Amino acid sequence: MAAKPAKATGNTSVTRIALERPASIRRLLPALTDGWTLPDYIVGSENERLRYLFDDKSIQTLAALSPIVLYGDKHLGKTPLAITLAVRWSRFTKLRPLCFTTGNAFFTDFSAAIEIDDIDSFRHRHRDCKMLVIDDIDPLATKPSAQDELASTLDYHANESQPVILTASRLPASLKGLKPALISRLSSGFSIGLAKPAPETRDELVRLLVRAADCELPEDELVSLAAQLTQAGSLSAFELRCIVTLAQQNRSASNSIDLAIVAQLARQLLKGEAPSILAIAKVVARKMRVKLVDMRGSTRQANIVRARGLAILLSRRLTPASLQQIGEFFGGRDHSTILHACRKAEGLLDSDTELANFARDIQTEILP
């Protein structure tokens, strides 16, 4: 089956690349979630070369472009793009197996193979595959022996006309610690530096994120807010998603949103100063004179439940944390329990004056 072409969006200046996330990747790379911000990767003028790379003709001749290096800052989608490219190539050529690994895993497995004198098994897995994908090669910069092994592995795949895809934070030649021999091999193929969304791409991303999250959110206002926040520097799709999440979590029962609060929270988040769930819980515990350990535990005493509910509600409003993440902090509670606690605390704020005052004072302290 041929690879799907990039799809047009509502904005004619941007296109979409439908992302792949097979079960095998979810199992091998469980922590890599933020790259799949949307089902599609939105491509604008800032990442024009991706259109060439993901074109059917390019995918047919991927071995000639190998090694393919996708590099750039965090949260730019290098991992999902690398995996999607590999899956599409395999689907198009009907060649498999594919080998997916990370720079850390490559070194760890290589060291373990050396230790037990079983380098053949290691090489069989990384060489006798039809395509090799290594996510985040940066850790190898301090591992000279693993670099030599990778250089030999790249030579093997080149001789077999088998493509290799790698990701890194920077162009390999700029990664301090990489040996010239490895840099030479990595530089012989097709390298693409990913950039943060340009204005037209950013606007399209915000609109898509709003529609995916909650169609009741004020789309135009959030597009405008993202544009204002971009003045301090370009925003990644992940950062834009956090802004939309903050807006969603600060929507009242009457569907109104205090965009000034959302903007303040977003600015803190982008500066790395956003309140954490722990920081919020500590302030709630101090203000309401309860123990943090009790709030996080299973205690059902009325004062503890009241404080816990407020901490959960404020964590939901003041951070982009998911229900699952909040639940994990508060004793491993599931997302439905956390959602129930949020709704209950929100209802109490209308009738419990003391709790409402606590909420106002705590929010003022956390958002000076």
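Trainee: Which residue of β6 does F100 stand opposite?

Mentor: F100 stands opposite V133 in β6. Keep in mind that this is a predicted model.

Trainee: How do you know that β5 and β6 pair?

Mentor: Two strands count as paired if there are at least two bridges between them. β5 and β6, residues 131–135, share five bridges, in the parallel sense. Therefore five bridges meet the cut-off of at least two, and the strands pair.

Trainee: What joins β6 to β7?

Mentor: Three bridges join β6 to β7, residues 164–168, and the two strands run parallel. The requirement is at least two bridges, so three bridges make this a pair. Within it, V133 stands opposite I165 in β7.

Trainee: What is the strand order of the open sheet?

Mentor: The order is β5-β6-β7-β4-β8, five strands with parallel pairing. Neighbouring strands are turned by 15° against each other on average, direction ignored.

Trainee: What makes β5 and β8 edge strands?

Mentor: Each pairs on one side only. β5 covers 98–102 and β8 covers 190–193.

Trainee: Why is β6 called mostly covered?

Mentor: Buried means under 20% relative accessible area. Five of the five residues of β6 are buried, so the strand is called mostly covered.

Trainee: Which way do the residues of β6 point?

Mentor: M131, V133 and D135 point one way, and L132 and I134 the other way. All of them are buried.

Trainee: Which helix lies across β5 and β6?

Mentor: Helix α6, residues 103–115, lies across both strands. α6 runs at about 95° to β5.

Trainee: Why is D136 called partly exposed?

Mentor: D136 has 34% relative accessibility.

Trainee: Which value does phi of R289 take?

Mentor: Phi of R289 is near 55°, again positive in a residue other than glycine. R289 has its place in the loop between α14 (277–287) and α15 (292–296).

Trainee: Why does R289 count as exposed?

Mentor: Exposed means over 50% relative accessible area. R289 has 78%, so R289 counts as exposed.

Trainee: Why is S236 called buried?

Mentor: S236 has 1% relative accessibility. The cut-off for buried is under 20%. Because 1% is under 20%, S236 counts as buried.

Trainee: Where is S236 found, and what does it touch?

Mentor: S236 is in the loop between α11 (219–230) and α12 (237–249). S236 touches H75, L76, K196 and P197, leaving aside residues up to four places away in sequence. A contact here requires heavy atoms within 4.5 Å.

Trainee: How do you know that A345 is buried?

Mentor: Its relative accessible area is 5%. That is under 20%, so A345 is buried. A345 is found in helix α18, residues 335–351.

Trainee: Which residues does A345 touch?

Mentor: A345 touches G309, L310, L313 and L355, not counting residues up to four places away in sequence. A345 and L313 are 32 residues apart along the chain, yet their C-alpha atoms are separated by 6.6 Å.

Trainee: What kind of peptide bond runs from S66 to P67?

Mentor: That bond is cis, with omega near -5°. P67 is found in the loop between α4 (62–65) and β4 (68–71).

Trainee: Which residues does the bond with omega of about 15° join?

Mentor: R96 and P97, through a cis peptide bond. The place of P97 is in the loop between α5 (78–93) and β5.

Trainee: Now the whole chain. How many helices and strands does it have?

Mentor: The protein chain has 19 helices and eight strands. Of its 368 residues, 48% count as buried.

Trainee: What share of the contacts comes from residues 24 or more positions apart?

Mentor: Such residues account for 72% of the contacts with a separation of 6 or more.

Definitions and conventions: Residues are numbered from 1 along each chain as its sequence is written. This is a predicted model: local features need pLDDT of at least 70, side-chain atom pairs count only at pLDDT 80 or more; totals for chains, interfaces and linings use all residues. Side-chain values use heavy atoms; hydrogens and water are left out. Helices (H or I, at least four residues) and strands (E, at least two) are DSSP runs, numbered from the N terminus. Buried means under 20% relative accessible area, exposed over 50%, partly exposed in between (1.4 Å probe, protein chains only). Axes are lines fitted to C-alpha atoms, for helices over the stretch in contact, and angles run from 0 to 180 degrees between N-to-C directions.
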